[in-house]
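Hello,

Here is the structure I promised to pass on. My notes follow below it.

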Amino acid sequence: MLQATLLPNPSANLNYGALISGPGTTSSIAASLSQDFAAVITRHARVRSAEGHLYQVDADQLWREWQVAQKARQLALDIYSANRSIGLTDHERQLISRDVGQVRAAIASGNLTLAALAPLLASEAATEQSLVALRLGRLKNWQALDALLGLDPTVRFGIVPPVYHPLPRDLKTLVTSLPNRRPDLIALRFGYRSAEEDVRAAILGQFPALTLGGSYSSDTSAVVTGGPTFTFALPVFDRNQGRIARAQATRLLLREQYQARLDKAVANVYALIAQLKELAADLVQARKAATAAQSLAATARRAYAQNNLDQRSLTDYERTELERALEVATIERQIGEDRVFLAVELALGLPPTKIALSGRTEL
């Protein structure tokens, strides 16, 4: 920005000719001072181009900071959901281990054969494998969150339960206003304005380079002359066509990039909305199934206490209850992630920011 506001330095020329021989009576002196006026003609366009680029950098930086904040939200949500899933999976593993112990005792006493143990051992191994994967995923998320916040990788802290707000009612209004609210789109608009000014500066650069100044000279016969000087280029071969073509191509590229980014943002918003509606319906069914499984498990525990149900059947009911609860937790985690992604796409919750798109150029 500073460089664009500066004008080129004036040029000074001084010649001194010592009289060595001849009819002259004194040494000759010639001096001139000139200024390039071509830079003055294009200065306004260059300053506006640099201003647009400066604002583009600011808007891009704001967008990156916003994405970092939302990434932290997503990681926190994943960690919270992983804690729930690990607790449920570990409880299921304990139930299976209890059954394995009882079956082994029955085999040792000759009441069962080894065939009854095989499916339980397979279920136990699968559950333990799932538990290891969940814990590893949680560890990676913790490390990523600590790194994002600039903390030591071993730092752990409490994470509050996520709050799910209703989907925005004025969805079409939010989508329509995306170009004026999303910093990355605003950054592209600033970049387009900067490119537009580059085109204007390139067009102004077609005019012949003009240098104005004044001169003073004194020859060997002591005759003193002075007056203005004019120097300009003849636009015969180079009329700045190359720079104009390059600036126009850059402007066109920025327009296409802006439109592509906007189309992608709108498509992502509607895709997330559709996915959230589908997940909401799945969550209703999953919660109903979880409630029914919980009721059946409670009934099975009462029947087991009255010696009307065997231990293996009770474990099956309890495992079904845990698996249904795990399914609910998984859907809720996906809904939470999609809500975060939607907040990013719509810039929901972005702190109020005043970004003025001044000037004549609009997309």
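F157 is partly exposed, because its relative accessible area is 33%. Buried means under 20% relative accessible area, exposed over 50%, and partly exposed in between (1.4 Å probe, protein chains only).

Some background. This is a predicted model: local features need pLDDT of at least 70, side-chain atom pairs count only at pLDDT 80 or more, and totals for chains, interfaces and linings use all residues. Residues are numbered from 1 along each chain as its sequence is written, and side-chain values use heavy atoms, with hydrogens and water left out.

Back to F157. The whole structure holds 2 aromatic pairs. One of them joins W142 and F157 edge-to-face, at 5.0 Å centre to centre and 85° between the planes. (Rings of Phe, Tyr and Trp, the last by its six-membered ring, pair if their centres lie within 6.5 Å; planes under 30 degrees apart are stacked, over 60 edge-to-face, the rest tilted.) W142 lies in helix α3 and F157 in the loop between α3 and α4 (171–176), so the pair ties together parts 15 residues apart in sequence. W142 is buried, since its relative accessible area is 9%.

Helix α3 covers residues 118–149, and A118 is found in it. (Helices are DSSP runs of H or I, at least four residues; strands are runs of E, at least two; both are numbered from the N terminus.) A118 is partly exposed because its relative accessibility is 45%. A118 and R135 are 17 residues apart in sequence and 26 Å apart in space, C-alpha to C-alpha.

Finally, Y216. This residue lies in strand β3 (residues 210–218). Y216 is partly exposed, with a relative accessible area of 42%.

Best wishes
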